[in-house]
Amino acid sequence: MPGPGKKQKAKTESKGNVNRPAATTETNDDTSKPSDTLMVHRTFADDIDNVKGWNAIVDLLCVVLDLPDMSTRNGYKKIHKDFPAIYGRLNNTYNAFSSNDRVVGGVVGIYAKMSADTILRDRLFEDNSLLPKIIALLDRPACCHVVLQALSTITVHSGQKVRLEIAKKTPALLKLLEEQPDDAKASELSICIIAHTVSCVLGDEVQPDAKLLKMLDMSRLLRNVLAQLRKPSASIDLVDHALRILVISARHCEVQFAECAGASDFLVACSRGSSLSVRCAGVIGVMRLKIAHIRVDRTVVDPQRLMATAQKRVPDHLVDAIMDRGSFGDMIDAMLASRDYQDAMSEVVRDHDFVRLGRSIGELVLRTELSVTDGMWQSPHPRTGRMEIMDVGLGFTHWLDALPRCAAALRTTGVPGEIDIADIVELKFLVVRGRFPEAHVLARRALARNSRVGFFYYVLTLGVDKAEGLRYAKKGLKCPNLTDYVRYALLFRAAEHALNLGLAALLEASTGNSGWDEGMAFILSAWEDTKAFMENASPDAIAMKTDICMYIILTFVIKGSEIGPDLKELQVAIEKLKIAYELNAHFGRQISKTQTRLAWEMLLARTSHAAKQWDADISRICARMQSSDANGPSLGDAQEKAEDYLAAWLDEPSVGDDEDEGDVAARKEQVFGHTHRHGRAHAHHRARAPEVPSKSSTALYRCAWCNAPSAILKKCSGCEKARYCDAACQKEHWRGGHKKVYLDGLNSEIGFLAVWEKRRFMKNV
C-alpha cells in the first residue's frame, strides 16, 4: 500500500507546480524512528527562496514532507491515522530550520490547514509548546502575516480550550498593533484574532476569571481598538471585528470602559449611525454595559396601600393623560377590583359557597393584574388593639389559599365553561406563588382542551424560554374576546421576548445572513408591539414605563440615523415616559432599574457629548460599511423580509420534530456562520489576506450536534446518517431531538416487527 502523500506527490509533480527537492532522514534524538523524522535536506533552504507566495511554500513543504493531500477528506483521514509521524516531521523541520522565516512560516501554514479539522486541531494543541512557538514568530516581519492568518484560521475553528490559550497571548498582539500601526493587514488580522478569543472569555454571562481578565489588559485593548477605528484606512473586516470586541467586552468591563476615554461614548454615537449594523452594535453595547445594575421590576402591590392611594388627589395633568384614553385608568380599575375581591371574601365567610367565589375571582383575574392579592381576615386584639390574623372557620386564613378550593369546587360542576374558569383561578394562584413549572403544566393541559382562552397563553409567557414565550404571546393575541388586561399583557410580553431574541440574534449573526434577517424580524416585531402598547394602553399601566423605554431603544436601532443629538425626534415618547414616571410615583410604585431604562438614561445623558466626539468617525465607518458588498441589508430590506421571517419562525417545528441531520448542520451553518465545539457560536466576515494560507475548503463531515468539522466523525450506528465528535455530542443530540427523529424513521422503515431491535438500541444509547 502506498504511504501517505504518494498520490499527492505524483499529482503535484504532474501539474508542474513544484520541483521536489532531494530529501533525507535525520533524527533529533536517539528514540525517534526514521519514518517519523523525515527532514528536508539542507539545500532546501536555498530552493525555497525561488518559490513565490505562502500558498506555494505550503504546497512545496507538503510534497517534500510526504503529507497527505489536504484538499480531500481522505487526505485528512490519512493524517489522523499517521498523526504522530506527520507531526514529528513538521516539528523537526520547524526546529531544524528555526532561523529560516520561509520554512517556519510554511510549517505554521500547514498547522493552519490541519486545524480545519477540529479533532486534528485539538491533537495539535495537546503539545503545549506549539502555541508559544507560533506566537514568537510575530516578532519576525517576514513571517508575521502568515502567522497572523494561521492564528485567525485556528481561532475560527477552535473550541474553548484553544481559544482561551490564544486569548492569553493578547498582549503580544497588542504590542504588534502598537509597534506596527501602519501595517493594515497585520492590524486587521490581529483585531480579528482578538475578537474570536475575547468573545470566548467575555461572551458568557458568568463573570470571567479575574486573573485572565487582568492578563487581557482590557483598558489597553480598548484603547487600541478605538485607535484602529479612528483610522481612515480601517477595513470592513477590521471594523466588524472591532465592533464585536467592544460589544462583547461591555458585559463585564464597565470599569475598563470608564477608564478608557471615549469608549462608552463611541457605543452611544454608534446608536445614531447611518449603517443599520453599526446602530445595532451601539445599542447592544450600551445595553450590555448596564447589565450589572439591573433591578427587576416589582409588580406585587400591598392591597391596603393600594386602597390608601385612592384617597390621594391625582394631579390634574395626570388625570387628563389618563382620561385622554377614554377610561379611568388601570390603577382605578385595580382599586375597584380589589374592593370587589374583599367583598367576595367577606361573602364566602357567610355562605361558604366556593363555586360562587370561584366565578367572582375568575372574572376579577381577567380584569386587572392586581385584582387578586394575598390578603387575610384580621380583627383587633381586645386588650392591645393590635390587628391579628383571624380564623373564620374555612380551613385557611390567607385569602390566596381560597383559590385552589374554588378551582376544585368549580370542576365538580362539570360545566365546560366553569372548568376553564377553574383553570384560570388555579393558574392565578400558582403564578402569584411563583410556582411557574406547575402553572405551565396546567396551562398546557388547559390549552389542549380549549385553545381560545388568552389567559392560558399569557401564563405560558411567564418564566419560560424567550422563544417559547414569544410564540405563546403571538398565539394568545389571536384569541377572541380578550379583556384589555390580557391583551396588553400579551402584547407587552411579546415585545419583551422579541426584543431579547432580536438583540441576541444580532449579537451572534453576521450581517446579511438568515440569522441577521431573523434578528431584524424580531426587532421590528418588538418595535410595532411596543408602539401599539404605548399608544393604546393606559398611561398608568404597570408595564408602561418599561414599554416606552423598550420603544425608545428599538427606535434607535430602526431609525437612529434620523435622531439628532438633541433627541427632539423622541419628544413624544419622552413626554409619555415622564407621565408614566409621575403616575408610578403618585401611586407609590417602585421605579426599578430595568436594563432598557438604564440604557435609555445613558443615551439621554451622553448622546450630545458623544456626537461631538465621534460623529465624524462614525459617519466615515458607516459610509464604508454601506458601500461594501460585505455589509448587511438596509432597513428597507429588513422590513420587507421581517413579516415573512417572523411568520416562518412562528410556524417552525419545535425541538424533536422531523428534520434530517444534514439539514440541521446546514441550517446551523447558514444561521450562525460557523460553530465551535464546546464553545459559543458566532459569525463574522472572513478576513481578506491574499497569498496567505487560509482555512481548508475541503468538504469535511459536520457534527450533527455542535457542527464541528472533521474527517473522522463517528457515525450513529442506528440511523447511519448523523455523525458526532464523541459520545458527549451524541448524547446531547439524542436528548435534543434525535431520539424522536430516529424512532420515527425506524418505525416508517421496518415497522412493528423491529420493536425489539429498537428497544435494544435505545437501551444502548
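## Contacts, cores and charge pairs in a predicted chain

Of the contacts in the protein chain between residues at least 6 apart in sequence, 71% join residues at least 24 apart, a contact being defined by heavy atoms within 4.5 Å. This is a predicted model, in which local features need pLDDT of at least 70 and side-chain atom pairs count only at pLDDT 80 or more, while totals for chains, interfaces and linings use all residues. Residues are numbered from 1 along each chain as its sequence is written, and side-chain values use heavy atoms, with hydrogens and water left out.

The secondary structure of the protein chain amounts to 36 helices and eight strands; these are DSSP runs numbered from the N terminus, with helices (H or I) of at least four residues and strands (E) of at least two. Buried residues account for 55% of the 765 residues in the chain, where buried means under 20% relative accessible area, exposed over 50%, and partly exposed in between, with a 1.4 Å probe and protein chains only. The accessible surface of the chain is about 33,700 Å², and 51% of that area belongs to carbon and sulfur atoms; accessible areas come from the Shrake-Rupley method with a 1.4 Å probe, and for residues only the protein chains shown count as cover.

In soluble globular proteins, nonpolar side chains tend to be buried together. In this model the largest nonpolar core has 159 residues, and those with the most contacts inside it are Phe266 and Trp600; a nonpolar core is a set of buried Ala, Val, Leu, Ile, Met, Phe, Trp, Tyr and Cys residues joined through side-chain atoms within 4.5 Å. With neighbours within four places in sequence left aside, tryptophan 600 is in contact with Cys549, Ile552, Ile553, Phe556, Leu567, Leu570, Ile574 and Leu577.

Valine 319 has its place in helix 20 and counts as partly exposed, at 32% relative accessibility.

Phenylalanine 436 is in helix 25 (residues 436–449) and is partly exposed, with a relative accessible area of 25%. Not counting residues up to four places away in sequence, phenylalanine 436 touches Val431 and Leu462, and its C-alpha atom is separated by 8.5 Å from that of valine 464, 28 residues apart along the chain. Threonine 530, in helix 29 (residues 514–536), is buried, with a relative accessible area of 0%. Beyond residues up to four places away in sequence, threonine 530 touches Ala495, Asp547, Met550, Tyr551 and Leu554.

**Salt bridges**

A search of the whole structure finds 26 salt bridges, each being a side-chain nitrogen of Lys or Arg within 4 Å of a carboxyl oxygen of Asp or Glu. Among them are the following pairs.

| Arginine 89 | Aspartate 82 | 3.6 Å |

Lysine 474 lies in helix 27 (residues 466–476) and aspartate 529 in helix 29, so the pair ties together parts that are 55 residues apart in sequence. Lysine 474 counts as buried at 15% relative accessibility, and aspartate 529 is buried with a relative accessible area of 8%. Arginine 89 is buried, at 6%, whereas aspartate 82 is partly exposed, at 23%. Arginine 339 is partly exposed, with a relative accessible area of 43%, and aspartate 340 is partly exposed at 24%.

**Cysteines**

A search of the whole structure finds zero disulfides, a disulfide being a pair of cysteine sulfur atoms within 2.5 Å. The sulfur of cysteine 143 is 7.6 Å from the closest cysteine sulfur, in cysteine 144, which is too far for a bond. Cysteine 270 is likewise in no disulfide, as the nearest cysteine sulfur, that of cysteine 622, is 6.9 Å away. Cysteine 143 is buried, with a relative accessible area of 0%, and cysteine 270 is buried, with a relative accessible area of 1%.
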